Amino acid sequence: MDVSAAVMGASKVGKKLTMRGKVEVRRFKEDDTSSLVPFLRSTFDALGHDFLPASKDSDIGEIATTYGGNDGAFFVAGTDAGICGCVGLRRFSEGIAEMKRLYVSDGFRGGGLGRALCSKAIGEARRLGFQTLRLDTTRRSVSALALFRDLGFYEIARYNDDPFAEVFMEYRGISKQVEGSQD
């Protein structure tokens, strides 16, 4: 899928993505790991966080079981130059999925790629039969918070024990079509 085409109808999208070339959002494949790890390392560095695949970020080394094997999925966005975004979806509890690992590289922010990744995760949650989607994030993720609210997420009480999370959100409109999604 050409993300520029997928998000053009999503109103706030300009010509940024098309100027950067074709971006494809697709399911993660095992051979993506060699590109995903450096992408995440550089993204975490830019955010001022440590990427620790041997501890707090161990799910990245086990994507097939953590996401795919847990009534979920993991998607990557890429160009010919490599991965520029990702998002994960996993079962949290009966009827509830959790969106994790939404990251977009600096050069692709503001062009609709985050919205396209969220739409992909919401569409997958719908396909899998979930009624509710949750996520956690930090207050420093101002653009992401604005995107989540624009998509229909709203703040809820803490639902997990992630020591880094400050904001907890939920989306109950999974059965509705997300603007710009092409499921």
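In which sense do β1 and β2 pair, and over how many bridges? Keep in mind that this is a predicted model. The answer is that β1 and β2 (residues 73-79) run antiparallel to each other, joined over 4 bridges. Pick out R27 and you'll find its bridge partner in β2, namely F75.

Now zoom out to the sheet. It is open and built from 7 strands, in the order β1-β2-β3-β4-β5-β7-β6, with mixed pairing. At the edges sit β1 (24-27) and β6 (154-155), each pairing on one side only. As a bit of background, strands of a sheet pair through backbone hydrogen bonds, in either a parallel or an antiparallel way.

| Helix | Strands | Angle |
|---|---|---|
| α3 | touches β2, β3 and β4 | about 90° with β3 |
| α5 | lies across β1, β2, β3, β4, β5 and β7 (167-171) | about 160° to β4 |

Next, the open space. The largest pocket has a volume of about 1500 Å³. It is lined by 50 residues, and the closest to its centre are L102, Y103, T137, S141 and A144. Among the elements that each supply at least two residues of this lining are the helices α3 (33-47), α5 (113-127) and α6 (142-151), along with the strands β3 (82-93), β4 (96-104) and β5 (132-137).

What is the lining of the largest pocket made of, by class? It has 22 nonpolar, 11 polar and 17 charged residues.

Key. Residues numbered from 1 in each chain as written. Predicted model: local features only at pLDDT ≥ 70, side-chain atom pairs only at ≥ 80, totals over all residues. Heavy atoms only, no water. 1 Å grid on protein atoms, 1.4 Å probe; cavity = no way out; pocket = protein on both sides within 12 Å on 5 of 7 lines; lining within 4 Å. Points joined across faces, edges and corners; volume = space filled by probe spheres on them. Nonpolar A, V, L, I, M, F, W, Y, C, P; charged D, E, K, R; others polar. Pairing = 2+ DSSP bridges. Contact = heavy atoms within 4.5 Å. Axes fitted to C-alpha atoms, helices over the stretch in contact; angles between N-to-C directions.
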